[in-house]
Amino acid sequence: MQKITREDPSEGGFRQAMAWLHTWSGLILGWLLFFIFLTGTAGYFDTEIDRWMQPELPRAQPRADTAATAAVLLQRLRSEAPAAERWLLLLPVDRNQPYPGIAWRGAAAATGASAASGSARVDGSSGKTLAARDTGGGQALYRMHWRLHYLSRAQADVIVGVATLFMLVALITGVIIHKKIFKDFFTFRPGKGQRSWLDAHNVLGVAALPFHLMITYSGLVFMAFSYMPLILTAHYGAGGSAQQQFRAEVSDPPGLVEAAGEPAALVALGGLIAKAEDRWGQGRIRSIDIRHPQHSNARVIFHENIEKAAGNAGERLVFDGVDGTLLHTLAPATSAAQGFRGLLIGLHEGLFAPPLLRWLYFCSGLLGTGMIATGLVLWTAKRRRQAVRAAAATPAGLLLVEKLNVGTVVGLPLGIAAYFWANRLLAVDIAGRADWEIHIMFLTWLAMLIHAAVRPAQRAWGEQLLLAAFAFGALPLLNAITTERHLGHSLAAGDWVFAGFDLSVLAIGLVSGWAARRLWKRPRQAAYLPVAPAALDGTGS
Amino acid sequence: MGLSGWRLCSVALAALLAGYCLATAAGVFIGSLLPVPRGEAVLIGMLCSFVVYAGAVIWAFAVRRPAQVWLGLMIPACALAAAGAVLAGSPL
């Protein structure tokens with residue numbers, strides 16, 4: 001805090017208070033935010049990770065003939081859930097939905113259904129379920145960033161909500177305490193211990209500041225109905241019926257009828273598909289939602305694909321499910337507020353992003369993750385320097401933070417690597433396989449925290465980085481041994497999902513190895529990572 | 001920094017709890033002021049509430065006096081909640 005007292009005294013009080021808030025809220029929630037940012041960043045490649053983790057699946061074949069695929073899916077639904085209240089046909093449009101799928105709700109075993117509700121990933125030409133190993137895939141990583149794991153939805157909502165709010169507070173206070181925001185953007189003084197960590201923290205924070213603000217605010221808006229339920233209650237009243245009323249007014253398409261009516265034949269989908277594709281273009285139907293199929297009040301709702309723009313949730317067409325007349329054409333958003341909310345959520349999820357933009361999303365997420373990590377290390381670098389200066393015993397709090405930093409900043413990525421290893425090494429037929437993959441991820445993280453606790457900080461950084469270099473760098477090799485789809489094969493076949501995954505983890509491994517090597521070469525007596533000996537006598541005085 | 005022990009706890013609790021009350025109340029109030037259908041009023045209120053919440057936390061830690069923070073957040077929260085509930089014709 002001494003640094004700030006040197007500033008203009010008239011605003012020093014406020015800025016000092018903000019620096020204090022930034023430091024302590026960042027420290028207390030830093031590890032949780034690191035977890036949220038890292039798993040969320042991995043989530044930008046969720047379906048790609050899904051596919052790497054289920055190598056048995058064929059390559060995706062998007063934009064197959066829509067009418068033929070829909071007919072196959074419908075046939076499967078007729079046999080799987082003959083008298084369901086709702087059928088959903090998912091068409092393979094792009095990376096968001098690489099395989100065709102079906103889902104149903106409100107069926108009964110008495111009428112010959114296999115389950116009351118269910119879903120399946122289906123081969124678009126045979127209609128058979130595409131079977132693959134049981135795994136959480138990339139979806140499990142993505143889900144953790146807002147649902148955490150091992151916690152109830154209500155617990156996770158409170159914890160993630162508070163963390164996200166303080167992320168927003170940390171960003172705002174970070175800007176406030178950062179007077180020379182543009183000058184510092186071009187400042188990086190490497191090899192100077194605390195100074196370097198501060199510069200790195202600033203550069204990472206400022207470079208992607210619009211992304212950080214967007215992702216944090218939209219994260220709150222995303223969960224607004226859970227976080228701010230009383231705003232809805234104030235306008236609609238309490239209870240489930242009020243919620244339903246709100247949904248009916250804001251998001252449900254018009255023209256739906258509560259009662260199913262009399263049995264009646266379902267309209268042939270072919271004609272409706274032709275109408276929708278005339279309007280939207282070939283292969284741009286994302287899903288077909290059938291309410292009360294095979295009844296007189298049947299409705300068929302077509303959803304347009306969402307790849308055109310961030311705020312564009314796609315149009316919807318509502319058809320009568322018996323005679324096939326077009327009842328309603330719905331714009332993506334019906335009001336300015338809905339449009340703005342849709343834009344924020346679209347930006348947050350990035351489902352619209354084509355490959356280049358998707359990589360930009362991923363890199364921005366990594367910048368945010370790095371900003372949090374450097375902030376945590378900066379906290380220790382500063383206090384370690386003070387402790388060394390005062391030649392006093394290391395405070396217990398500093399030791400704790402140092403150990404948690406190693407065990408999380410390197411330990412959590414190592415846990416994720418272990419998750420991928422488990423995916424390839426666990427026997428395919430063990431019970432609860434998907435759960436065990438995730439248990440192994442958290443057990444590995446725990447092991448790294450224990451390792452960090454018993455080793456001196458600098459050695460722990462070096463050892464864990466070396467392990468990470470191996471764990472990530474050897475994944476392509478593991479993939480080559482355990483599947484047919486090794487890097488040579490995927491590159492030759494132009495399979496960029498597999499090649500992209502293998503090359504990415506290889507790059508992560510190489511960067512970890514480079515970092516480990518740098519630490520290893522440090523003189524032993526420095527005994528501590530973030531403060532190079534030069535920084536001890538060079539800066540600050 | 002003159003902020004530790006129970007005073008720190010009090011300011012932090014005020015920022016979290018009273019800040020939440022103010023954010024919700026402001027969300028209800030802002031939505032109810034606007035001449036829009038109630039569904040839209042809910043969405044607008046929610047969009048605004050998080051900005052108010054973050055502002056309340058920052059203000060609480062800038063003031064740093066527990067009594068002032070609690071009163072400064074809760075009095076406007078109550079006023080806005082009451083006004084918002086009346087304007088919205090709340091069924092509660």
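Predicted model: local features only at pLDDT ≥ 70, side-chain atom pairs only at ≥ 80, totals over all residues.
I began with the surface of chain B: chain B exposes about 4000 Å², and carbon and sulfur atoms supply 77% of that area. Accessible areas here come from the Shrake-Rupley method with a 1.4 Å probe, and for residues only the protein chains shown count as cover.

Residues are numbered from 1 along each chain as its sequence is written, chains are lettered from A and ligands numbered from 1 in the order in which they are written, and side-chain values use heavy atoms, with hydrogens and water left out.

**Chain B on its own**

I looked up the fold and found three helices and zero strands in chain B, in the pattern α-α-α along the sequence. Helices (H or I, at least four residues) and strands (E, at least two) are DSSP runs, numbered from the N terminus. The C-alpha trace of chain B spans about 50 × 20 × 15 Å along its principal axes.

Next I checked burial: 46% of the 92 residues in chain B are buried. Buried means under 20% relative accessible area, exposed over 50%, and partly exposed in between (1.4 Å probe, protein chains only).

**Where chain B meets chain A**

I then turned to the contact, which takes 36 residues from chain B and 41 residues from chain A; contact means heavy atoms within 4.5 Å. The area buried between the two chains is about 3300 Å², and carbon and sulfur atoms give 82% of it. Buried area is the accessible area (1.4 Å probe) that two parts lose on being put together, summed over both.

Which residues in chain B lose the most area to chain A? I noted Arg38(B), Leu47(B) and Phe50(B), together 22% of what that side buries.

One of these names came back when I looked for charges. The count between chain B and chain A is one salt bridge, and Arg38(B) forms a salt bridge with Glu249(A), with the closest N and O atoms 2.9 Å apart. A salt bridge is a side-chain nitrogen of Lys or Arg within 4 Å of a carboxyl oxygen of Asp or Glu.

I also asked which elements of chain B give two or more residues to the side that touches chain A. They are α1 (5-33) and α2 (38-63) of chain B, and α2(B) brings the largest share, 20 residues. That side divides into 25 nonpolar, eight polar and three charged residues.

**Salt bridges elsewhere**

In one of them, the side chains of Arg133(A) and Glu56(A) meet at 2.6 Å, N to O. Arg133(A) lies in the loop between β3 (118-121) and α5 (137-147) of chain A and Glu56(A) in the loop between α3 (46-52) and α4 (66-80), so the pair ties together parts that are 77 residues apart in sequence. Arg133(A) is buried at 10% relative accessible area, whereas Glu56(A) is partly exposed at 38%.

Methods: Nonpolar A, V, L, I, M, F, W, Y, C, P; charged D, E, K, R; others polar.
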